[in-house]
Amino acid sequence: MSYNVNEKGYYGEFGGAYIPEMLYPNVEELRQNYLKIMAESSFKEEFDQLLKDYVGRPSPLYLAKRLSEKYNTNIYLKREDLNHTGAHKINNTIGQILVAKRLGKHRIIAETGAGQHGVATATVCALMGLECIVYMGEIDIARQAPNVARMKMLGAKVVPALSGSRTLKDATNEAIRDWINHPVDTHYIIGSAIGPHPYPDMVTRFQSVISEEIKWQLKEQLGRENPDYVVACIGGGSNAAGTYYHFLHEEAVQIIAVEAAGLGIDSGESAATSVLGKEGIIHGCKTLLMQTKDGQITEPYSISAGLDYPGVGPMHAHLSKTGRAEFMSITDADAMKAGLELCQLEGIIPAIETAHALAIFEYKKFKKDDLVVVSLSGRGDKDLNTYIDYFKL
Amino acid sequence: MNRIQQKLQENKKLLSIYFTAGYPNLNDTVSIIQNLEKSGVDMIEIGLPFSDPLADGPTIQASSTEALKNGMTTEILFNQLKDIRKTVDIPLIIMGYFNPMLQFGVEAFCKKCHELGIDGLIIPDLPVDVYKDDYQKTFEKYGLINVFLITPQTSNERIEFIDSISNGFIYMVSSSSVTGSQSGFGDNQNHYFERISNMDLKNPQIVGFGINNNATFNQATQYAKGAIIGSAFIKFLTNHSVGEINKFITSIR
């Protein structure tokens, strides 16, 4: 069984490019060029150099001793939170801005929910001196003020998405409309492993540096390349895709994907797409998504803005359907508790997205000698207000 | 012969109107269609509302949101249309995004359209190659014409491919934009209209996006077989009653 994308852009039955004809030339240009560009030695050199000197890679692989002790197993944290801008998102935006430059684009657009991808995009645009427009739901703009300010300081224009539910899903719609209206000079940097082919594959490849490093770091530290488990939280699924990538075909490595259950799977306020979703089309790809019986896309809920998305990347839909990955879902309450626990046991304040992945240790028992690698996808500074409100700090 | 094909043979420039089913009121569908036909419209696109209409601008998106709020569903639309062929003769096309059709079941959707007397479908996010590989046979089995879009960015090679698998008309998007975002046509559009007209395609072209009055209708149909109006008509419905539709249509031609 292959877990990689095929030449038509599908992972099993999921993926493809379900786009209006207006987008065809843009997406086709990218499809024909992305692998070629990524294979150029000058590209690789520039990408690696920026990841090292600008992002601060490799990110540490850290044995969380006290956390391991508490759960009686061996937990390693892949510290994506230590990257420049505070999350894994920058790996992808660095890669895509270099692709955009080689395609001769001088205007960059992006969508953002919590603002992390928007900040990562605004950052690389400032770095390269390119115009940057970030679409963000009107409601998200109100609740993520610090990230809006960051983007503005970095020179980006933040445009409120006023349509539909005025959150991430609608920001994505607005970004796609912008691309339709500017087909020649603009590149759209999608922030997750979602969208029409080749986006899920391209984003996954840029994020795959995470699992590439895990492999050699484990070899260096423990003399073995493969852990027993890799664990990551999933919204659209870019940090998860990068964390799994080099282990997808290593059968001995078990893959765990952690979705946001929100207030609970059956509460009507959830974002657990693998459980509540059904096959359909969202933002240009066939995948699992939360929708009404009539095929209207519904609004998910999670306390974490980064997991608050009604779909999941097509690769993850395939991993779920084939059983390659075990999907778990974690409620707001459990995630918040796990986030605080990491602060107190390891001195690390995680993003609330990441806290969902950390919460599985309360529910899944690992063996004493198991080696579990968890992607610590982002830091919690951006979530301070949510933590303050939740714990009445 | 399908009603669309018959209509395309008439020796006149065609006016096609798009409206969103369920807007302004849930049960306006039939009376809007009847009034449009009475006003002399040649063809109607019935919009099946979708929560996330990527190719549409604010006007059609807002009308879709409103229609969904009013309770419109695929099932309800089909029910509203059950006797439509007793009173309406002009070609009827359903325009909608692919996901609601996928959830209804593509074959079931096509069968239902056939039973109701729907003549064709426009599905902006169903790509040409997926249609050809997976759905063309089903559409043909139920006598439905699938209409594809081309834009100023579409290569001649791809236009020829689209022409080869079309059997009605080609929906020519006037500019690189979402619906409802243009005001008037410039030289770029004229060159594009002329370029396509000179390609001698087997399918006639009908221009959409950016047509909102007599001037743009005339300009679009100078080269093309007809023109489609959507957003401008939705705006009209926002401020006028269904009974006044005639006023809008007579202002166009």
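The following legends describe close-up views of a predicted model.

**View 1. Overall dimensions and secondary structure of chain A.** Chain A contains 16 helices and 14 strands. Along the principal axes, its C-alpha atoms fill a box of roughly 55 × 45 × 40 Å. In chain A, 60% of the 393 residues count as buried. Among the contacts in chain A with a separation of 6 or more, 74% are between residues 24 or more positions apart.

**View 2. The open six-stranded sheet of chain A.** The strand order in chain A is E3-E4-E14-E9-E10-E13, and the pairing is mixed. Strand E3 (61–63) and strand E13 (325–331) of chain A are the edge strands, each pairing on one side only. With direction ignored, neighbouring strands of this sheet are turned against each other by 25 degrees on average. Helix H14 of chain A, residues 332–346, packs on the sheet and touches strand E10 (254–262) and E13 of chain A. The direction of H14 makes about 90 degrees with that of E13(A).

**View 3. Strand E14 of chain A and its burial.** Strand E14 of chain A spans residues 371–376. Six of its six residues are buried, so E14(A) is largely enclosed by the rest of the structure. The burial criterion is 20 or more other C-beta atoms within 10 Å of the residue's own. A:Leu371, A:Val373 and A:Ser375 point one way from the strand, while A:Val372, A:Val374 and A:Leu376 point the other way. Both of these sets are buried.

**View 4. Pairing partners of strand E14 of chain A.** Strands of a sheet pair through backbone hydrogen bonds, either parallel or antiparallel. Strand E4 of chain A, residues 74–79, pairs with E14(A) in the parallel sense over six bridges. In this pair, A:Ile75 stands opposite A:Val372. Strand E9 of chain A, residues 229–233, also runs parallel to E14(A) and is joined to it by three bridges. Opposite A:Val373 of E14(A) stands A:Val230, and opposite A:Val374 stands A:Val231.

**View 5. The buried side of helix H2 of chain B.** Helix H2 of chain B covers residues 29–38, and B:Thr29, B:Ile32, B:Ile33 and B:Leu36 in this helix are buried. These residues lie on the same side of H2(B), because they cover an arc of only 95 degrees around the axis. The elements of chain B that cover them include strand E1 (14–20) and strand E2 (43–48). Helix H4 (74–80), helix H5 (84–87) and helix H13 (245–252) of chain B are also included in this cover. Just after H2(B), B:Gly40 takes a positive phi of about 95 degrees.

**View 6. The contact between chain A and chain B, with the side of chain B in detail.** Chain B gives 32 residues to the contact and chain A gives 24 residues. On the side of chain B that touches chain A, the elements giving two or more residues are helix H3 (58–69), helix H6 (98–104) and strand E6 (149–150) of chain B. H6(B) provides the largest share of that side, with five residues. By class, the side of chain B that touches chain A has 17 nonpolar, 13 polar and two charged residues.

Terms used. Residues numbered from 1 in each chain as written. Chains lettered and ligands numbered in written order. Predicted model: local features only at pLDDT ≥ 70, side-chain atom pairs only at ≥ 80, totals over all residues. Buried ≥ 20, exposed ≤ 12 C-beta atoms within 10 Å, placed from the backbone. Helix = DSSP H or I, 4+ residues; strand = E, 2+ residues; numbered from the N terminus. Pairing = 2+ DSSP bridges. Contact = placed C-beta atoms within 7 Å. Nonpolar A, V, L, I, M, F, W, Y, C, P; charged D, E, K, R; others polar. Arc of directions from axis to C-beta. Axes fitted to C-alpha atoms, helices over the stretch in contact; angles between N-to-C directions.
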